[in-house]
There are 4 protein chains.
Amino acid sequence: MDYSGILEEIKHEIKPLFGQGKVASYIPALAKADPNKFGMTVTTLDGNTYEVGDSKDTFTIQSISKVFTLVQAFSYFGDAIWERVGREPSGNPFNSLVQLEHEQGTPRNPFINAGALVITDLLISEFGDNAKIEIVNFLRRISQDSTIDVDLEVAFSEKSNGYRNAALANFMKAFGNIKNDIEQVLDVYFYHCSILMNCVELSKSIHFLANHGIVPHSGERILTKSQAKRLNALLLTCGLYDASGDFAFRVGLPGKSGVSGGIVAMIPQKLGISVWSPELDEYGNSLIGIKALELFTTKTGVSIF
Amino acid sequence: MDYSGILEEIKHEIKPLFGQGKVASYIPALAKADPNKFGMTVTTLDGNTYEVGDSKDTFTIQSISKVFTLVQAFSYFGDAIWERVGREPSGNPFNSLVQLEHEQGTPRNPFINAGALVITDLLISEFGDNAKIEIVNFLRRISQDSTIDVDLEVAFSEKSNGYRNAALANFMKAFGNIKNDIEQVLDVYFYHCSILMNCVELSKSIHFLANHGIVPHSGERILTKSQAKRLNALLLTCGLYDASGDFAFRVGLPGKSGVSGGIVAMIPQKLGISVWSPELDEYGNSLIGIKALELFTTKTGVSIF
Amino acid sequence: MDYSGILEEIKHEIKPLFGQGKVASYIPALAKADPNKFGMTVTTLDGNTYEVGDSKDTFTIQSISKVFTLVQAFSYFGDAIWERVGREPSGNPFNSLVQLEHEQGTPRNPFINAGALVITDLLISEFGDNAKIEIVNFLRRISQDSTIDVDLEVAFSEKSNGYRNAALANFMKAFGNIKNDIEQVLDVYFYHCSILMNCVELSKSIHFLANHGIVPHSGERILTKSQAKRLNALLLTCGLYDASGDFAFRVGLPGKSGVSGGIVAMIPQKLGISVWSPELDEYGNSLIGIKALELFTTKTGVSIF
Amino acid sequence: MDYSGILEEIKHEIKPLFGQGKVASYIPALAKADPNKFGMTVTTLDGNTYEVGDSKDTFTIQSISKVFTLVQAFSYFGDAIWERVGREPSGNPFNSLVQLEHEQGTPRNPFINAGALVITDLLISEFGDNAKIEIVNFLRRISQDSTIDVDLEVAFSEKSNGYRNAALANFMKAFGNIKNDIEQVLDVYFYHCSILMNCVELSKSIHFLANHGIVPHSGERILTKSQAKRLNALLLTCGLYDASGDFAFRVGLPGKSGVSGGIVAMIPQKLGISVWSPELDEYGNSLIGIKALELFTTKTGVSIF
């Protein structure tokens, strides 16, 4: 199937929504994003890529990196990671400390900030000082794009203002659920949030999850079939913070969003998809990105349900 | 495909789990359930039914009724119901008042008790004094079984001890989110929780959700295709209380559980499935029922992901 | 000491504050209170009464009744009441359910609504169907005023709208901390909240707490010296809902407020004091009443600290 | 009045309680405290000191230092400090993050850890790099004891394990309620918690609060009369963490406890009092210390109520 026409239609239909959301502004580097950008890419399992708009503009992937670090940790540690982090929707704004306290330092799932810090801690336990380069190399490999790099200025800026994440890390360390040095954990965390990618690279990076865990272009198995399915289930129930239920209801696909306006999603056995538009809704998800994905599933009639 | 062999295998494999859970005991009528019961039924869209064990034993469906009342309300009121109840996982034990207070009387989703009371209130607004009979008739129709009835002793017993649900109803009434008389809302609520069904009836009742909203045997459209998909999404993210994420992770199907040990689930475009075993896990879901469904998806290789 | 001059000064100084608060409006009977009313009375242990303004206008005493019912329950059951209700400040708005859930149905203290319902339940266990008349008679006795009566219209109106208190009662009943019939508990509760008193009667009713538990004019011992002291401590830490700390800080006296704008307080070994002005601050306490008491302690230089 | 006899009686009567509490063990330096220690001292406003037991053994004063840093901040900044910290009981365990989140980074009162960190931050804004020495010098001055010093090993050990306080500081910094460098705030905080004092020094240090803010032996005014009264009110409502209500009920005096087993309290216009015994109750307060103070008020008949 050729998705070019559908992507063009979507690009046209989302136009009236520009101006209804708000670009993230908690650090200057994010605040200066152009609110009128919109890019979208579909990569099918048979190797075709369809794109529209600003799909080759790079942006820091922010929380989307949590999918890739989770995949890495899951592939190295298997089900042992679930002793350190839960698998339930959080039912609270994504940076809340309440639930963390209630559950004795165990984050509800790997996609809230606390959970992603624990996953980062696991990768440091595995890779030591090579954690940063191992994370970037993993992304270069699964997207077959060796040029992927990191915006160090954003990483530095986020870390300098990252008091809430520092609070989370210290809090979990008090419960014994962070094993490595807090500074290092925060350092690696903000580093992988600042990885620069564009929509094309993202759709290529994610579509192994639609392919039972195997990277289609290289044949490399990243996760077992069962692990891939389970990770997709987790994305569906927890991938969009406190709006995960609404996203499942409206879009019906496993996905993950980031505060810079990107969202990745996939249709099992079919394709990986990515969208980017910096204006956010009240839940911190790309307002136009969600609408674009809703239009995509409506127009194609596909959904997992 | 003939599922008989798989069901027999499952029945054999779950045997060692008897005794590991606990039968619900908050009212005598539930406490006297035989802990060694196990039934399972698959009804495919082409009209075949496969069953194993105690699949013709009836039990009060308890919270499984929340799916059917939601379907009825959704079919009558459409998206207007989302002004009265949310669509997000609750992230809290199923009977918690905390979140309800935080969100000003709007329940997080229609499957927690508070949400089901609001849905019941909507049905009373629609049907008035006929609410009870309309709910039972709906079930008789979609399951093509005119013998379905209600255990009035259980309904009475639950209402007599239902202080927590009375608290929820009063609390939401204080916020204006219950419109009818509280006594009537509780009366209808405990009535539909006490509907008596067996596994065969349940799998037949649920499988229109796997068929884009149309009852296969009668051709009656209950929900639009889009509504059916969305309801399935909701079941996946919220159907098993605070263990919804874990159920999605392990089983990967939309489903709904009840405290008497029943679970219904479905595979879109394929089949409806039901299982019953009274012993519960720590989250109030059938311990053996969940395991049986996990075995089913593992053995058949099906999943929505 | 003659307090007449000080009371006149206070009446003059609080004038600019009229219009800064808001009269309670959750039931019509309260909403129609004249916002410009102000009365204040001091009754000294040697039997003198000093009054100013509308000190002979009656109003329903609302939550101030919680002091008197607690005193009755304490005198009948002694320290056994602390098995049913706590003694700690609530740290939450006065009608919150959160803490009640956290503490398994045991209210934090007898002055939040949940706690007062438990105390009412205790009095019903003691007096049965005579609970209402026993409560009113107790007030008539300690104030030496046989004309004290109840505004039944207010009682009825409050009960008809009292969904939140009904929620609390049902919730505690679910935990086993309400022993009698919920309807009766709510009935007696709203009845004693609707007792009609004026400032003179209130200052006379409260000043036995300043006198080591003995009613000065009659010599009747209501509480032991130790009990009276302890009850005063409880008033200081918990008497003004979520503003108790601020009241202790600014006024420095044990006291109790009601939503109709009344406040009672006392200076141990010296006097009982009451003030009434219907406009409330954001915490539900009389805005002018608190200011008047602050002026009183500043002008007289008295305080317990 | 000569309090020697009463102190001896108390020392005798508390003996059966040894072994019922638990010495704090979160750092080794505290864990090695001798559980059988007991000291108590009364310093009257006329300059007499009465002591019993191990009243000259020093211990790190821990949270008792929060009274003295608050006094310093109050004397420098006046009521401006209440823009940074509240005055209400916390209603939650002393190190809870929940309430802090709910109230946007403003601690409920200056005696919970979060509040004490804000007060420490204020002192650093005032004194800069001299904050540590200014705090110790203040204590030397008001106790007229120039030998008071700090246990640097304890300070270092607490800081090395102080992840929860680091979490609090980072969390409040995220809300803008910590102005200085977090490391410095934590450094000064753990320093003043590790000040070494004995019961005699403590009772002398606290008794200016019983004397309207003036140090009796030197005549130095530390706080205005009004400020002293208000600080006493704050101690009564908030000084013993989540057991403040119970302490007010049982003891009836303004006081402050520390995790090393010390408690200071005072009777306005009469005396300062201190007690030390390392075994703690479930709330983290000295089990024997509280009992000793209860016996003291019972035996002397004094109380503020």
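**Exercise 1.** Find what the charged end of B:Lys256 sits over.

Solution. The charged end of B:Lys256 sits over the ring of B:Tyr241, 4.4 Å from its centre. A charge sits over a ring if NZ of Lys or CZ of Arg is within 6 Å of the ring centre and within 35 degrees of the ring normal. In chain D, D:Lys256 lies over the face of D:Tyr241, also at 4.4 Å from the ring centre.

This is a predicted model: local features need pLDDT of at least 70, side-chain atom pairs need pLDDT 80 or more, and totals for chains, interfaces and linings use all residues. Residues are numbered from 1 along each chain, chains are lettered from A and ligands numbered from 1 as written, and side-chain values use heavy atoms, without hydrogens and water.

**Exercise 2.** Classify the ring pair of A:Phe249 and B:Trp82.

Solution. Over all chains there are 32 aromatic pairs. Rings of Phe, Tyr and Trp (its six-membered ring) pair if their centres lie within 6.5 Å; planes under 30 degrees apart are stacked, over 60 edge-to-face, the rest tilted. Here the centres are 5.1 Å apart and the planes at 75°, so the pair is edge-to-face. The pair crosses between chains.

**Exercise 3.** Is A:Phe249 buried or exposed?

Solution. Buried means under 20% relative accessible area, exposed over 50%, partly exposed in between (1.4 Å probe, protein chains only). A:Phe249 has 3% relative accessibility, so A:Phe249 is buried. B:Trp82 is buried too, at 15%.

How values were computed: Helices (H or I, at least four residues) and strands (E, at least two) are DSSP runs, numbered from the N terminus.
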